Each structure stands twice: as structure tokens, then as C-alpha cells.
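Dear colleague,

I am passing on the structure we spoke about, and it is shown just below. My notes on what was found in it follow, and I would be glad if you could read them with the model open.

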Amino acid sequence: MGQVEATTERIVTGKPEDVFDALADYRETRPRLLPQQFSEYEVREGGDGEGTVVHWKLQATSKRVRDCLLEVSEPTDGRLVEKDRNSSMVTTWTVTPAGEGRSRVVVTSTWTGASGIGGFFERTFAPKGLARIYDELLAKLAAETAQ
């Protein structure tokens, strides 16, 4: 078993605080940003950043569906952390300035991978697949914050 990591980033139009607020809005904005791989989305507690508990199913591949129940925290300014109660997965969103009226958004997911041959394939292919999913989400975020 080893640590698996997937990272994606994008420069988007918008001040960092506005971009962060959009990401942290689990009631209105976040559902609009989710690609088709997300289903059964439900805010169970809170809905705005710290203290939010949100559920979704993530279909990473045609055969692999993760049932996610995430606790959201904001450990520092510009950082949103989603810890899955159902697995070892932790997703961190970091928003920093990237020039006048622009922001850099970095999303990193880490989890403890499987062992053996299954773990080899997970470490090899899962990061690329998850990065594609989050790249689509970041493209939707860019369109949202450019308005």
C-alpha cells in the first residue's frame, strides 16, 4: 500500500477571495461545477466552507464508484480541505493570487492505495483519471468566475 496523489491546477479570472468563496459554496455554486462523474450530491450539514458535510458518488471509471461523505475544513486562508469519512481520501483546494484579477487554483487529492497488482494499476492510472475530472471542474469554475 502506498500513497496515491492526483494534482491539477488552473489560472482563473477572479480575485482569490471570490474564487475561494465560489468553491466553498456547496449549496449553490459547487453543484453547478460538478462534471457528470459526480452523482447523488447532497449537502448534509452547513453548506458554506468550514463545517460543511457533503455527500456524493464519484464514478472515477466505468467500474469504480466511490461513495464519498466529506467533512470540510478551512485550516488557513485560501485553503479548503475535504476529508472523506468513508476512505483515506483527502482533497485540498488552494487558491492564491496569480496577477491582477486572476487566481491560481490547485486541487490535490491523496489516498492510501491498494497493494499488489491492483495497487500498481491504481497508482498508474487513477491520478490521471482524477486529474481529468478535476480539470473539467476547474474549467467550469473558470467560466463561473469570469462572469
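How many bridges join strand S2 to S3, and do the two run parallel or antiparallel? Strand S2, residues 38–45, is joined to S3 by 5 bridges, and the two strands run antiparallel. Please bear in mind throughout that this is a predicted model. Within this pairing, Glu45 stands opposite Val53 of S3.

On its other pairing, S3 meets S4 in the antiparallel sense over 7 bridges, and a hairpin of 5 residues connects S3 to S4. One of the paired positions is Trp56, whose bridge partner in S4 is Cys68. Strand S3 is largely enclosed by the rest of the structure, because 5 of its 7 residues are buried, that is, under 20% relative accessible area.

The cavity search returned 1 cavity of 30 Å³ or more, and the space in the largest cavity comes to about 40 Å³. Its lining consists of Trp56, Leu58, Cys68, Leu70, Glu82, Met89, Thr91 and Tyr134, and the elements that contribute two or more residues to it are strand S3 (53–59) and strand S4 (65–73). Sorted by class, the lining holds 6 nonpolar, 1 polar and 1 charged residues.

Turning to the nonpolar core, the largest one has 33 residues, and those with the most contacts inside it are Leu23, Leu80, Trp93, Val105, Leu130 and Leu141. At least two residues of this core come from each of strand S1 (3–13), helix H1 (16–24), S2, S3, S4, strand S6 (90–97), strand S7 (102–112) and helix H3 (116–145), with H3 giving the largest share, 7 residues. As general background, nonpolar side chains in soluble globular proteins tend to be buried together.

Trp93 deserves a look of its own: leaving aside residues up to four places away in sequence, Trp93 touches Leu23, Arg30, Gly78, Arg79, Leu80, Glu82, Val105, Val106, Val107, Tyr134, Leu137 and Leu138.

The C-alpha atoms of Arg132 and Thr8 are separated by 8.1 Å, although the two residues are 124 apart along the chain.

With best regards

Conventions:
Residues are numbered from 1 along each chain as its sequence is written. This is a predicted model: local features need pLDDT of at least 70, side-chain atom pairs count only at pLDDT 80 or more; totals for chains, interfaces and linings use all residues. Side-chain values use heavy atoms; hydrogens and water are left out. On a 1 Å grid over the protein atoms alone, a cavity is a set of points where a 1.4 Å probe fits but cannot get out, and a pocket is an open set with protein on both sides within 12 Å along at least five of seven lines; lining residues have an atom within 4 Å of a point. Grid points are joined across faces, edges and corners, and a volume is the space filled by probe spheres set on the points. Helices (H or I, at least four residues) and strands (E, at least two) are DSSP runs, numbered from the N terminus. Ala, Val, Leu, Ile, Met, Phe, Trp, Tyr, Cys and Pro count as nonpolar, Asp, Glu, Lys and Arg as charged, and the others, Gly among them, as polar. Buried means under 20% relative accessible area, exposed over 50%, partly exposed in between (1.4 Å probe, protein chains only). Two strands pair if DSSP finds at least two bridges between them. A nonpolar core is a set of buried Ala, Val, Leu, Ile, Met, Phe, Trp, Tyr and Cys residues joined through side-chain atoms within 4.5 Å. Contact means heavy atoms within 4.5 Å.
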